[in-house]
Amino acid sequence: MPDRKKLIEVSLPLEEINKQSAREKSIRHGHPSTLHLWWARRPLASCRAVLFASLVDDPSARPEEFPTEEAQATERKRLLELIEKLVAWENVNNQALLAEAQAEILKSTNGNPPPVLDPFCGGGSIPLEVQRLGLEAHASDINPVAVLITKALIEIPPKFKDLPPVNPEAQKQLKANQWFGAQGLAEDVRYYGKWIRDEAEKRIGHLYPKVKLPKELGEGEATVIAWLWARTVKCPNPTCGCQMPLLSSFVLSSKKGKEAYLVPEVSGQEVKFSISNKPPQRYEDPKKGFKRGTSGIFECAFCETVTTRDYVSEQAKAKFLGIVPTAVVVQAKRGRLYLPAYFAPCPEIPKVDTTDLAIEFAPNPRDLWCRNFGLYTPADLFTPRQLVALTTLSDLVKEAHKQICHDINQAREASSEKNSTDSAVYADAVTTYLGLALSKLSDSLCALATWSPSTDQAIHAFTKQAIPMVWDYAESNTFNNAAGDYITTIKTVVRAINNLGKGLPGYAHQQDATKYVRDTSVPALVFTTDPPYYDNISYAELSDFFYVWLRRSLEDIYPTLFSTIATPKEQELVAAPYRFGGDKEKARQFFEDGLHEAFRRTYEASHPDYPFTVFYAFKQTEVKKDSANALRIAASTGWETMLESLIQSGFSVTGTWPMRTERDNRIVGQGKNALASSIALVCRPLPTNAAKTTRRDFLTALKRELPAALRAMQQGNIAPVDLAQASIGPGMAVFSRYKQVLESDGSPMRVRTALQLINQTLDEYLTEQEGELDADTRWALTWFEQHQFEDGNFGDAETLSKAKVTSIQGLVTAGILTAKYGKVRLLHRDDLPAQWNPIGDTRIPDWEATQHLIKTLQERGEHQAAFLLNQLDPDRAEIYRDLAYRLYNICDRKSWTQEAIAYNSLVISWAEITRLAAQSASTQQIELLPI
């Protein structure tokens, strides 16, 4: 390993990075993610922090400047404080702060910072932050949609840095305005986006007629915001046979004082819908509409027969799905109104050529839900009017290119100053964003968009990493000046462009990382990437939704990028069994071989002075059932494959940092290979003189080193949801520092075995902490693992109490248990007294104190939890926190998601609770108030 250790190998301000990463989720205006949708983007804050800390020396690597540990600690604190400022969203364009960060990078790189490459660039977060930090950014991906998005972020804006716009409107104001970064480019995208929208309205505006309002609604005309539709299927009851609406909710608006509901009215063999401010009386839950189960199960409005999913699927695949209008949403003087569908005129919709959209979606049963119900091609996902709108806008994107070239030439003739801008190249740039805006619009302007009663607006299709099936959908008016309007989309794109174009040139290419990672003319690179997650997301298949529109609009500009009729799939690194005839082993082998090859090439091209950092957001453990149907914790296949590929490629894992990207109280997808954090792994080439060792010696080293690392993580209040993930770092640091770990039979130990041993050591560590607990809590912990808060037999409880040296009556007296009629039950937090006062209570088990702390935190917040902590035994404060770790670990194994969230939340809030407790202990300003 090189002598110059980097900051990321020693310390990071995790709490602030996590806070800013989570905060980014709620930032929309101007965020690069609003340029175009991409799935599972890394937060910019975590990318920026990891990149900076990977390039900057830790003070311990510069003893000539910082000879003592104290001096090193002071300098390290300064660098960490710089990162804390650097990751804040409001500082993304703070040029003074960025210059300070770039100066630190130059100092640590001897004035010659290396180029950085992300070979799996996806949505472009990593290369964008490389560019922001003043380095040369390189990016590649096999997916053309990803490449185009990244080009739009890092490659196009710097080419036109600080240049003025070319449109006629801006030309009149050039002397009055000054343009920085990509502002001039953004202004042209705005202008020509409006030109496209205006031209489209001239051509197809008649397909979006206004609604005439009656007297009682204010008269005059109102603009339609959206038409609401429900799909229909013939009732399976042969004595009925009516077309039944597949309506999943009767609720149109749930805003207080503006409630609106669909009321179904059956007349003969027709169902019509009126609008009321009260829910229909006949149906129990208006939020469910006619839905009676999972997708495809509905009740007939005529005879109340309930369909099966298979029946609806068969009818849909046979093209027997119909549609029925349910309501129309309009914008009137008095606000948004919901009207019966018959208020809206029905213009004749012309047919359009959908040849470009006729590609068939891949038969991916997990991610393409729409295929289960007969929607096989992109063309199937749009209404006739939406197809007319999108194809018209697509044609106008091409026409805009010619208009831009014309305006540049006109400006040249009118100006005495020489304009060096190549008209075709610049027109290509502006048109790229116009095409991206159209593609982005298709996510909202499709028959998979839904209506949101809580916000009174249409919601785009991709709310999940899948192409869904939607039974009742919202068809937005593309000229409504709201969601679904091209000009509204252009505005979001323009805001994003305005924040770009301030760094060095960037380069994005379409290439297969398993075959190629860099040009030989490029010097050794620093690599930072977010690689594919085993079988988690099939990006190529999802991308076809956008690819068809991008290809239609931009093929002339990017003929190579859009040379195929659909996105490349054979080369995509994903363990998708359906691509191998359902063979999971072949899918696994394909992914493992490909990732190993990509990492091998990365190893060969890596700069020796810098670590290789990898983001990974796959759950570390999988819950499975063994032959006896008992739950068993296994090492994640995704983690195993990724780590095996890294180690076989010559890397050693030297650390992991959990980057929490969700809000503090949220745990995502328990037991489903998703979680609230991604992990940043820090890797270095394994030294050539690394030794081999035995399983026994590896276990000895693991049990010696991992507990200390785990204790340090707990002292830093790492979230329980992140603990198993973070333990990989110190655990794999032990494993991967050896050339091989040999099993008793002489065979090399697999990564899966090492992960299992790391998990086992983690469990042993958490179990050993039980020795610090009081007897009542040890009983409660064991009982909780077996019964949670459900009833159990008194006899079993009494037997356990003797083993734990306590008594059932004592547990009842302590206030954590109820015992009646031969049954016992742990009291849930909701059953605990609201006005509990620990002062004077002579028997307070750690269990009771921890549950009351969580209850107070949930109901009254951190200040009151801090006050309560001061009333408890101060010497046991850390034990309460450690108990929360243990309880989270149990809940995670049992898939008790909601209960797990409670313990996770306490630990996440612990730093603030203890800070407030210390403050209130001296000031005595907080009073425990009744609820």
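Me: Which residues does Leu-434 touch, leaving out those up to four places away in sequence?
Reply: Not counting residues up to four places away in sequence, Leu-434 touches Val-189, Tyr-192, Gly-193, Ile-196, Val-397, Ala-400, Tyr-486 and Ile-490. Contact here means heavy atoms within 4.5 Å. This is a predicted model, in which local features need pLDDT of at least 70 and side-chain atom pairs count only at pLDDT 80 or more, while totals for chains, interfaces and linings use all residues. Residues are numbered from 1 along each chain as its sequence is written, and side-chain values use heavy atoms, with hydrogens and water left out.

Me: Which residues touch the most other members in the largest nonpolar core?
Reply: They are Ile-83, Tyr-433, Leu-434, Ile-467 and Tyr-486, in a core of 183 residues. Helix H10 (residues 384–414) gives the most to this core, with 11 residues. A nonpolar core is a set of buried Ala, Val, Leu, Ile, Met, Phe, Trp, Tyr and Cys residues joined through side-chain atoms within 4.5 Å. Buried means under 20% relative accessible area with a 1.4 Å probe, protein chains only. Helices are DSSP runs of H or I with at least four residues, strands are runs of E with at least two, and both are numbered from the N terminus.

Me: And why would such residues gather?
Reply: In soluble globular proteins, nonpolar side chains tend to be buried together.

Me: New topic: is strand E2 enclosed or open?
Reply: Strand E2 (residues 137–141) is largely enclosed by the rest of the structure, because five of its five residues are buried. Ala-137, Ala-139 and Asp-141 cover one side, and His-138 and Ser-140 the other, all of them buried.

Me: How do E1 and E2 pair?
Reply: Strand E1 (residues 116–118) pairs with E2 in the parallel sense over three bridges; two strands pair if DSSP finds at least two bridges between them. Within E2, His-138 is the bridge partner of Leu-117.

Me: Which residues are closest to the centre of the largest cavity?
Reply: Of the 34 residues lining the largest cavity, Phe-120, Gly-122, Asp-141, Asp-530 and Tyr-539 are the closest to its centre. Helix H5 (125–132) and helix H13 (539–554) are the elements that give two or more residues to this lining. On a 1 Å grid over the protein atoms alone, a cavity is a set of points where a 1.4 Å probe fits but cannot get out, and lining residues have an atom within 4 Å of a point.

Terms used
Buried means under 20% relative accessible area, exposed over 50%, partly exposed in between (1.4 Å probe, protein chains only). On a 1 Å grid over the protein atoms alone, a cavity is a set of points where a 1.4 Å probe fits but cannot get out, and a pocket is an open set with protein on both sides within 12 Å along at least five of seven lines; lining residues have an atom within 4 Å of a point.
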